[in-house]
Amino acid sequence: MAEQALFGRYWEADSVIHSLDPRTKLVGVIFMMAVAFSAGNFPAIILVAIATIAFCLIGSVPISQALRSIAPLSFIIVLTALFNLFWVQGGAVYVQWGPLQISEEGVRMAIFISIRLTILLLSGSLLTLTTTTLDITEALERLLAPLARIDVPAHEFALILGIALRFLPQFAEELHTIRIAQLARGAKLTTSPTRSGIAGLTSLLVPLFASAFRHADTLASAMEARCYHGAQGRTRLQPLAFTRNDTLAACVLVGLLVVTIVISQLL
């Protein structure tokens, strides 16, 4: 737990959310997205934000670590906020630079959308922080199992997602290692769109892609050596099972959705 939390990395702890069935948590994330989008005003979205923070605390995940886990995706929040800040117009005008202006409605919408996107990212991060990759893969496969009747490869799709989540933290660490190594060799890494900036970016991406292909080849060899044949004959040491806590969690999410809709309509 001394390691920094990253999106896709499991945060080991003993909490109620950790003990929930992964299917409940996977559906719960989708439900939280519906709750966030159903919030139509600031009182409703603040309620959802408080509930999200409460879920993190119940899951024994420090808020600082939860925010750190979504830091690599924060550019999505910033770009969306800036787009709404300059695009949405209405009310008093605060600042104006030629055709660009910042109005009261633009500021309100930028803050509102930023809170909503932060809730969505925190909900997804809470799933990966409190659920192992194997459990997420198994839960997704179980939820997609009915689609197998129409030839949807549920197991393969879940396996691809599980492998992606498993390697996200590792690739982040390797990118950091490559960057430190390049700086130690005197490389000038910048985000400038100039030729030097593109060359610096290439010096990071080429070793990273080479490492990704090497990991893929090693994983393929390991699966072949273990006679992997998909879901055929596959068993699980600890089968998934719903408990009373899963029912309680479902009731809490439904209640949150109802209260959010009511507040959005009345206030």
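**The chain and its nonpolar patch**

Author: The protein contains ten helices and two strands, where helices (H or I, at least four residues) and strands (E, at least two) are DSSP runs numbered from the N terminus. The model is predicted: local features need pLDDT of at least 70 and side-chain atom pairs count only at pLDDT 80 or more, while totals for chains, interfaces and linings use all residues. Residues are numbered from 1 along each chain as its sequence is written, and side-chain values use heavy atoms, with hydrogens and water left out.

In sequence order the pattern is α-α-α-α-α-β-β-α-α-α-α-α. The C-alpha trace spans about 65 × 60 × 40 Å along its principal axes. Of the contacts (heavy atoms within 4.5 Å) with a separation of 6 or more, 73% are between residues 24 or more positions apart. Of the 267 residues, 37% are buried, that is, under 20% relative accessible area, with exposed meaning over 50% and partly exposed in between (1.4 Å probe, protein chains only).

The accessible surface is about 16,200 Å², and carbon and sulfur atoms hold 69% of that area, by the Shrake-Rupley method with a 1.4 Å probe; for residues, only the protein chains shown count as cover.

Now the part requested. V254, V258, V262, L266 and L267 make a nonpolar surface patch of about 490 Å². Such a patch takes residues with over 30% relative accessible area and no salt bridge, nonpolar side chains (Val, Leu, Ile, Met, Phe, Trp, Tyr) being joined within 5 Å and like charges within 9 Å. A salt bridge here is a side-chain nitrogen of Lys or Arg within 4 Å of a carboxyl oxygen of Asp or Glu. L266 is exposed, at 68% relative accessible area.
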